[in-house]
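Here are my notes on this one, in the order I'd go through them with you. Have the model open while you read.

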Amino acid sequence: HKRDQEVNNQKYKRLVRSREGMVSTEMVPASKLKVGDLIIVEKDQRVPADLVLLRTTERAGACFVRTDQLDGETDWKLRLAVPDTQKLESNAKLFEIHASLFAEKPQRDIHSFIGTFTRHDGSGEESLDVENTLWTNCVVASGTALGAVVYTGQETRSVMNNCQPRSKVGLLDMEINQLTKVLFGAVIGLAFVLMCLKGFQGPWYRYMFRFVLLFSYIIPISLRVNLDMGKAFYSWSMQRDKEMPETVVRCTTIPEELGRISYLLSDKTGTLTQNSMVFKRLHLGTGSYSTESFDQVREKVMQAYATPADSSSPTKPTALPLAKTRRSEHSRVQEAVKAVALCHNVTPVWEPCDDTQSEADQHYNIERQTHTVVYQASSPDEVALVKWTEEVGLALEKRDLVSIQLRTPNNRILDFSILQVFPFTSETKRMGIIVKDTTTGEITFYLKGADVVMSGIVQYTDWLDEECGNMAREGLRTLVVAKKSLTEEQYLDFDTRYNAARMAIADRGSRVSAVVESLEREMELLCVTGVEDKLQDKVRTTLELLRNAGIKVWMLTGDKLETATCIAKSSRLVSRTQDLYVFAPVVTRTDAHQQLNSFRKKQDCALVITGDSLEVCLQYYQVELLELACRSPAVVCCRCSPTQKAQVVRLIQQHTGKRVC
């Protein structure tokens, strides 16, 4: 209650216009905000309501937000202002335009938004998506943002994703409550028996009450007090444990519940591993480069960009696929490194030592000795890729909404215009970007993603599946990078269809996907990258201790089967004495039945199963699969979606009735 009052009373700047036409700001508490208000949110300030971002202090109209209080992710997210309002000279000009905002009805999904911004006095209609929004409880990480309130109170994404707080009662408390009820029944029973022996003459109810008082000592009231004192002491000890710094125990039933856990379900990335990515492998089909041979990549990049003519020769783009022409190893390396350096959503943030300049307005000609660059992205994989391209000589120098600048080994700047960006989603499992070389005018579509989706997009090669499997068996996270050259006519045709799909109100997502997929055909495969995610410190000894304590650990991850298997072995999730049973891909009920019978014959064998096979087995043989999996010493579920992970947790709780963490 106190926390709610503190949040509701926090004051924000609201942009208002007086009757005389003067535009000013007034301080209002968050609880007084209404739909349509124009709110200014400063750096490091919490967003009080769901907003559509109209303007920022950065010239490009971008700002970064932290969403850890909303989705648990610590990486900064890039948000973009509506281009029409960002172009205005000042905030006061917002009151001089005739425009309207359309927003979809309140939804729970924090990763999607459908809306439109319409100027009735000029430039027409623009589509809005989640990149133009600031959700409640996000924190502005750079610059100052001005937004229009579209949802407040119970209609905000944050509140709609909150569930009713359930009463957290420990199993020990429930057992004591049951024992107390039994003892109370025994007290009443004994009192009634003695009353029967004495007889019910006279004021029998007085004697009955006396007998109840006499036998009330059977109920151990002091036991509950002693247990509460013990739990309070254990909680205090956990907070003081030097092995777990900054631990905060918010419920005294935690110590007893931790001692009753039978199944521990863990993710891989960021839990068993550090979520700290390091680039380890580059495979071009004709050659492979690892950490030891990255110097050769650096030399080839330096030779490729040794003279200005190497990258700025006036070549007209053609519709013919480049894969049909033979290229040298130098050009293959150059194309692969350039693709990795361009195909991402990373933004370099320059941080001056004196902190006097804007974070997003640094120019490449500032002395690098007095500034440090920090790469911000929604995924650590992309940061690792960009850092690697910088190490081999092609550095990301500057990026805004419409352009990217790369710095070559001879300190020459390559300018590219950003025409379109297609962000990564868990459904598509890929991201793409269309850029135009400002020197040659060549338009190129770069795409990267998981091998399972990219194998059907790129032109057929006989080495892709094999090399992805080899990298995955080494525990590396793989990405397939491809490109496609476009003519001016091809791009203009795509742009027209893409903008029309984005303006649709109904079924916008599927229409946009269909247009993008029409471009993702017969792409030229450039390279496969491998990134290593290091294991957490002491993860092996921790898993060994959990296994010795009788706790079964399950790993639920979205990574490839080979990567998940490698991490399971290297982290000692599966002990050295245990075998692995890899559940073969199943599609039909008969296949699932055969695999379950084969696994039933195994003894002391860990199970590895993919999300597709898991879905088929749960559809036809749910009870049988859960019985066999619960008997297994360890289970690895790979290629699992977040929905499947939640389903697995729920089914284990229902099937075993034991404590699951």
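1. A word on the record first: UniProt positions are given in the numbering used here, feature names are shortened, and annotations may be inferred rather than shown by experiment. With that in mind, the unreviewed UniProt entry puts a "transmembrane region" at residues 182-201. Over that stretch the chain is 85% helix and 0% strand, with end C-alpha atoms 29 Å apart. Helices (H or I, at least four residues) and strands (E, at least two) are DSSP runs, numbered from the N terminus.

2. Ground rules. This is a predicted model, where local features need pLDDT of at least 70 and side-chain atom pairs count only at pLDDT 80 or more, while totals for chains, interfaces and linings use all residues. Residues are numbered from 1 along each chain as its sequence is written, and side-chain values use heavy atoms, leaving out hydrogens and water.

3. Domains. The bounds come from an automatic or database domain assignment: domain 1 (1-161), domain 2 (171-260), domain 3 (275-305 + 330-351 + 372-532) and domain 4 (537-656). Between the C-alpha centres of domain 2 and domain 4 there are 40 Å.

4. Six strands line up in the order 2-1-3-12-4-10, with antiparallel pairing; two strands pair if DSSP finds at least two bridges between them. Strand 2 (23-29) and strand 10 (133-134) are the edges, each pairing on one side only. Strand 1 (residues 11-17) runs antiparallel to strand 2 and is joined to it by seven bridges.

5. Buried or exposed: which is D84? D84 sits in helix 3 (residues 83-86) and counts as buried because its relative accessibility is 10%. The cut-offs are under 20% relative accessible area for buried, over 50% for exposed and partly exposed in between (1.4 Å probe, protein chains only). Beyond its neighbours within four places in sequence, D84 is in contact (heavy atoms within 4.5 Å) with F117, R119, S123 and E126.

6. Helix 16 (residues 488-502). At 1.5 Å a residue, its 15 residues should span 21 Å, and the end C-alpha atoms are 21 Å apart, which agrees; the expected span is 1.5 Å times one less than the number of residues.

7. Faces of helix 16. Its buried residues are Y491, F494, D495, Y498 and A501.
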